[in-house]
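Here is a briefing on one protein chain. Keep the structure open and follow along, topic by topic.

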Amino acid sequence: MLSSLLESSGMGSIFVNLFYDMGFMNGSWQNYVMLLISFILMYLAIVKKFEPMLLLPIAFGMFLINLPGAEPTLWGTHPVDEVTGIVDTSYDAVQNKGLLWYLYFGVDKVIYPPLIFLGIGCMTDFGPLIANPKSMLIGAGAQLGIFIAFILAVLLGFSAAEAAAIAIIGGADGPTAIMVTSKLASDFIPMIAIAAYSYMALIPIIQKPIMRLMTTKKERTIKMKQLRQVSKVEKVLFPIIVTLVVGLILPSSVPLLGMLMLGNLFRESGVVERLSSQAQNGLMNTITIFLGVAVGCKAKGELFLQVQTLYIILLGLFAFICGTIGGLLVAKIMCKVTKGKINPLIGSAGVSAVPMAARISEDVGREYDPQNHLLMHAMGPNVAGVIGSAIAAGVLLACFGGYVNGTAVTAAVASIIV
């Protein structure tokens with residue numbers, strides 16, 4: 001009787017349609033693998049505390065977009081060409097736009113990374129770098145990994161633009177990596193962002209063995225002289241002068257570097273404390289949430305689960321290792337030139353992971369001499385690495401920004417390397 005009632009009222013077909021519209025009826029194996037990966041990343045963020053501020057929103061964004069059947073409501077629908085049948089997956093073509101599409105607007109239009117740099121500038125003290133300008137050389141040396149990884153990526157068959165996006169992982173700066181990738185290889189954003197923040201979280205594990213391998217016990221125990229006191233005038237002029245000089249030479253680096261220095265000017269001027277507080281707290285926290293969820297929602301199974309993802313992760317790790325080696329090599333050379341006045345351990349801080357990389361220099365130094373404090377000395381190369389990664393990003397964008405996926409420039413670069 002119940003079946004006849006359902007059939008006569010049409011309710012049976014409604015329940016059938018509802019059943020077939022359920023997510024688990026429409027999911028692919030890629031969806032379920034990505035859900036598992038998102039759970040692992042959430043575990044690492046919550047339990048292991050691996051860069052939780054960004055890794056947790058990224059993981060949850062990945063979780064949301066891979067729920068079977070959720071993409072049309074969370075992101076939107078993709079139009080299909082009536083003649084060719086090709087699905088248009090471009091950002092601007094999406095129809096019936098959902099919440100995640102609007103959150104991703106700040107990534108697609110490169111709004112979020114510069115705003116995060118504004119907050120970083122408000123929290124950064126460039127005093128150690130001003131007191132010891134030579135540490136800028138270490139920050140520059142630590143960008144070595146970017147250019148080595150770029151060459152390897154081209155040799156592995158990536159386009160020049162894609163190789164540049166992958167290589168920027170070596171700068172150990174998440175916002176910079178996201179900005180470069182959004183302009184040069186937007187499909188790689190989830191892989192590169194996850195790799196960049198994962199390696200930043202694993203700095204103690206990655207850097208310490210390299211530091212011990214490349215330095216002698218005698219070098220590790222070198223005590224450096226206390227840095228001079230930096231005046232307020234110097235601190236106020238520094239962000240203005242750096243922006244002027246770098247901006248005139250490399251305008252493509254200004255979006256990141258300019259916001260970094262604006263935030264630092266807020267901090268050092270002492271006349272806009274409310275703006276400085278808002279930029280480094282409320283604004284930065286809000287943008288961090290939007291950025292993380294937006295990046296994670298691009299990690300769809302069919303795009304993420306490819307062989308090239310493994311290449312990207314391995315190349316990113318290699319770039320990070322080479323960046324650490326580059327900083328240490330420059331510091332060792334400076335140690336020789338100054339006849340033992342510079343502890344080479346501060347070279348590992350040349351990567352742009354502030355302040356974690358500087359703390360690692362302090363930790364390793366104190367393992368061999370508990371009275372040896374290297375933190376402030378390491379902060380010079382560390383903040384120099386922030387500037388260096390922004391400049392490196394500007395160089396890559398200036399060189400390859402006009403040739404996204406361009407075969408001509410890729411062939412030219414490959415022929416030069418070979």
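The accessible surface of the protein chain comes to about 19,200 Å². Carbon and sulfur atoms hold 68% of that surface. Keep in mind that this is a predicted model.

**The whole chain**

- The secondary structure consists of 24 helices and 0 strands.
- The chain has 418 residues, and 52% of them are buried.
- Take the contacts with a separation of 6 or more: 74% of them join residues 24 or more positions apart.

**Helices H4 and H5**

- Start with helix H4 (residues 29-46) and H5: their axes come within 8 Å and cross at roughly 160°.
- Angles over 145 degrees count as roughly antiparallel, so H4 is roughly antiparallel to H5.
- The crossing of H4 and H5 is left-handed.
- On the H4 side, the residues that meet H5 include Met-34, Leu-35, Ile-37, Phe-39 and Ile-46.
- On the H5 side, the residues that meet H4 include Pro-52, Leu-55, Leu-56, Phe-60 and Phe-63.

**Helices H5 and H19**

- H5 (residues 52-65) also meets helix H19 (residues 273-296): their axes come within 6 Å and cross at roughly 40°.
- Because of that angle, H5 counts as oblique to H19.
- The crossing of H5 and H19 is right-handed.
- H5 contributes Met-53, Leu-54, Pro-57, Ile-58, Gly-61, Met-62 and Ile-65 to the contact.
- H19 contributes several residues, among them Asn-285, Thr-288, Ile-289, Gly-292 and Gly-296.
- Met-62 of H5 touches H19, and Met-62 is also listed in the meeting of H5 with H4.

**Helices H8 and H19**

- H19 has another partner in helix H8 (residues 112-123): their axes come within 8 Å and cross at roughly 145°.
- The crossing of H8 and H19 is left-handed.
- From H8, the contact residues include Tyr-112, Leu-115, Ile-116, Cys-122 and Met-123.
- From H19, the contact residues include Ser-276, Ala-279, Gln-280, Phe-290 and Leu-291.
- Thr-288 and Leu-291 of H19 are in the contact with H8, and Thr-288 and Leu-291 are also in the contact with H5.

**Helix H22**

- How far apart are the end C-alpha atoms of H22? They are 19 Å apart.
- H22 (residues 356-368) has 13 residues and should span 18 Å at 1.5 Å a residue, which agrees with that distance.
- Which residues of H22 are buried? They are Ala-357, Ala-358, Ile-360, Ser-361, Glu-362, Val-364 and Gly-365.
- The cover over these buried residues includes helix H15 (203-214), helix H16 (217-220) and helix H23 (375-400).

- The peptide bond from Val-354 to Pro-355 is cis, with omega near -10°.
- Pro-355 sits in the loop between helix H21 (307-337) and H22.
- Val-110 is not a glycine, yet its phi is positive, at about 55°.
- Val-110 is found in the loop between helix H7 (99-108) and H8.
- Is Val-110 buried or exposed? Its relative accessible area is 14%, so Val-110 is buried; the cut-off for buried is under 20%.
- Ala-172 also has a positive phi, near 55°, in a residue other than glycine.
- Look for Ala-172 in the loop between helix H12 (160-167) and helix H13 (174-184).
- Ala-172 counts as buried because its relative accessibility is 1%.

Methods:
Residues are numbered from 1 along each chain as its sequence is written. This is a predicted model: local features need pLDDT of at least 70, side-chain atom pairs count only at pLDDT 80 or more; totals for chains, interfaces and linings use all residues. Side-chain values use heavy atoms; hydrogens and water are left out. Helices (H or I, at least four residues) and strands (E, at least two) are DSSP runs, numbered from the N terminus. Buried means under 20% relative accessible area, exposed over 50%, partly exposed in between (1.4 Å probe, protein chains only). Contact means heavy atoms within 4.5 Å. Accessible areas come from the Shrake-Rupley method with a 1.4 Å probe; for residues, only the protein chains shown count as cover. The expected span of a helix is 1.5 Å times one less than its number of residues. Axes are lines fitted to C-alpha atoms, for helices over the stretch in contact, and angles run from 0 to 180 degrees between N-to-C directions. Angles under 35 degrees count as roughly parallel, over 145 as roughly antiparallel, 65 to 115 as roughly perpendicular and the rest as oblique. A crossing is left-handed if the near helix is turned anticlockwise from the far one by less than a right angle, and right-handed if clockwise.
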